[in-house]
Amino acid sequence: MQNELQLFTEGLNPRLQVKGTSRLSGEVKISGAKNSALVLMTASLLTEGKVRLNNVPELTDIKGMANILLSMGVELKTGNGSVELQSDNLHYFEPSYELVNCLRASFFCIGPLLGRLGKARIPLPGGCRIGARPVSEHIRGLKALGAVVSVEHGVVTASVPGIDRRLKGASVVLDCPSVGATETVLMAAVLAEGRTIIENAAQEPEVQDLANMLNLMGASVRGAGGPTITIDGVPHLHGCDYTVIPDRIEAGTFLLAAAITRSSLRVAPVIPEHLSAVLQKLRDAGCNFEIDKEGITIIPGEIKGVDITTQPFPGFPTDLQAPFMAFLATAKGTSVVTEKIYENRMQHVAELQRMGAAIRLQGNTAVIEGVPQLSAAPVTGGDLRAAAAMVLASLSARGISHVEGLNHLDRGYECIEAKLNSVGAQIFRHSDKHSLA
Ligand code: UD1
C-alpha cells in the first residue's frame, strides 16, 4: 500500500491518501474529549494545588493550550495520556495574541484568571472559518459577577474592583446557550462570594464534565447538564485527579465511518446518552445498534436519506454535521441538512461535490440526493470537522483520494489514520513534502 501510494505523492503537501471501498471491522478505541480536556486544563488555574487530568488526547489543540498555560507560569508535565498542571506560581495573566490566535478555546482562561487573580487580559480570539463566534455572552456574564471589562485594540481587559478582588455571585441569563460562555461564567463563579445562577445554560456533556471536576476540587455546583446551574462560591479550591469523558464527536465520526462503508464496527469507551440524537438519526437512516454501558456496535442496514438540523445539546451536534452529510451523500433518496449554530459551516459541500455528491446549497440548508458511489478526488478539509468529512467520504469512494487540511484534522482527531487502519481502512499519511525527496 505504502509504495503504491507513494508513487502518486512525491513533492505534494501534507495529506492523507485514502484507498476507498474497504470494509471496516473490529473495535476503535475512543480518546478523551478534546473540548472537555481543553476547558479542564484552564480550570486548573483556579487552584494552587496539583491537578492531574487522565485520558487527555494527544492533539495539536491540547499542545496549544499547554503552551498558553506554560506562558502564564503553570508547571506542566505530560505522559501516558495524563497532564499534570500546577499553578502555584501563576505570575502572568496576559497570554500573547500569537498563542491565543491558534486556539479559540484559550479565551476560556478569562474566567479562572478572574476568579483566582481578579484580573485578566486576553486578546479577542476573533472569528474563524465557520463563523464570527463572538464572546459577548462571556463578557456579559463576567460583568454580571462584578468584573469591569473593556475591549480595546483587540484585547479584553477584565478586573475585579475592591481590596479582596473577589467576584460576587449573581443571576446570569444567557441570551443563547453558549458552551464557552457557560463554562466561563461557571469557572468565574466557583470562587465568587455568594450564589450564582446561570439560566439558559449550555447542557453539553463537556459542561457537566467541568462541573464534576470543579466539585471534586471543592466547588459547589448543582444542575450542570440542565438549563439552570447553581453555584455557591467557596474561598478556595484544591487539586484533584480527574479522568476526562470519552469524546462523543470522535465516537460519532467513527460510527459514521462504519455507516458510510456499510460496515459493522464497535466504538468504546463511550457514554451512549451523549450520542442520543446522532444514534436516532443513524437509526432513522437504517442503522441498527448494540449498546452496552461501555460501547456501541453499529450494524448498518439499507441506508436511506434523513433530514437533520443542528441544535444545542441534546439536539444534533453541529460538530457532526459535515461528517453526517458525507454519509448522507451515499444514502438512497433525499436528505435535507440545516445548519443552525454557525453561519458559515457548509464549506465541505463543494468538496463533496468534487467527489460526485449531488448536493444543492441554499444558504445554510443543503439538499442532498444520494448517489450509489462517490469517486475519489483530491479534496481539502477547510476546518476540523470538514476534514473529518473528507476522510469519511474518501473511505467510501472508488479510487485513491488525497485529503489535505491535516492541520485542521490533527487539532481534534488523535491518530485518526492509525485507528482507521487498525479496523481495515487503507490510509497513508505523507506528513512532510520534503520527506519524500
Ligand atoms: C464549543 C465547542 C465547539 C462546538 C460549539 C457548539 C469547545 C472548545 N468548542 O464552542 O466544538 O462547535 O461549542 O457546540 O468546546 N455565540 C454568541 N455569543 C457568544 C457566544 C456564542 O452569539 O458570546 C453563538 C456563536 O456564534 C455560535 C453559538 O453561539 O453561533 C454557539 O457557540 P458556543 O456554544 O459558544 O461555541 P463554543 O463554546 O465557542
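Colleague: Where does Pro314 lie?

Modeller: Pro314 is in the loop between strand E17 (308-309) and helix H11 (321-328). Helices (H or I, at least four residues) and strands (E, at least two) are DSSP runs, numbered from the N terminus. Bear in mind that this is a predicted model: local features need pLDDT of at least 70, side-chain atom pairs count only at pLDDT 80 or more, and totals for chains, interfaces and linings use all residues. Residues are numbered from 1 along each chain as its sequence is written, and side-chain values use heavy atoms, with hydrogens and water left out.

Colleague: Which way does the peptide bond from Phe313 to Pro314 go, cis or trans?

Modeller: Cis, with omega near 10°. A cis bond also joins Ala268 and Pro269, where omega is about -5°. Pro269 is in the loop between strand E14 (265-268) and helix H10 (276-284).

Colleague: On to the ligand. How many residues surround it?

Modeller: 18 residues do, and the closest are Glu137, Ser178, Val179, Asp319 and Ile341.

Colleague: Which helices each supply at least two residues of the shell?

Modeller: H6 (136-144) and H7 (179-189). H6 gives the largest share, three residues.

Colleague: And where does the ligand lie relative to domain 1 and domain 2?

Modeller: Domain 1 (2-31 + 246-430) and domain 2 (34-243) both give residues to the shell, so the ligand lies between them. The bounds come from an automatic or database domain assignment.

Colleague: Switching to helices: is H9 enclosed or open?

Modeller: H9 is largely enclosed by the rest of the structure, because 13 of its 13 residues are buried. Buried means under 20% relative accessible area, exposed over 50%, and partly exposed in between (1.4 Å probe, protein chains only). At its N-terminal end, Asp247 is the cap, with a side-chain oxygen 2.9 Å from the backbone nitrogen of Ile249. After H9 comes Arg262, with a positive phi near 55°.

Colleague: What caps H13?

Modeller: Asp383 caps the N-terminal end, through a side-chain oxygen 3.1 Å from the backbone nitrogen of Arg385. H13 (residues 384-396) has 13 of 13 residues buried, so it is largely enclosed too.

Colleague: Last one: is Asn80 buried or exposed?

Modeller: Exposed, at 85% relative accessibility. Asn80 is in the loop between strand E4 (75-79) and strand E5 (82-86), and its phi is positive, near 50°. Asn55 also has a positive phi, near 65°, but counts as partly exposed, with a relative accessible area of 26%.

Key:
Polar contact = N/O pair within 3.5 Å; in protein donor to acceptor, adjacent residues only side chain to side chain. Near = heavy atom within 4 Å.
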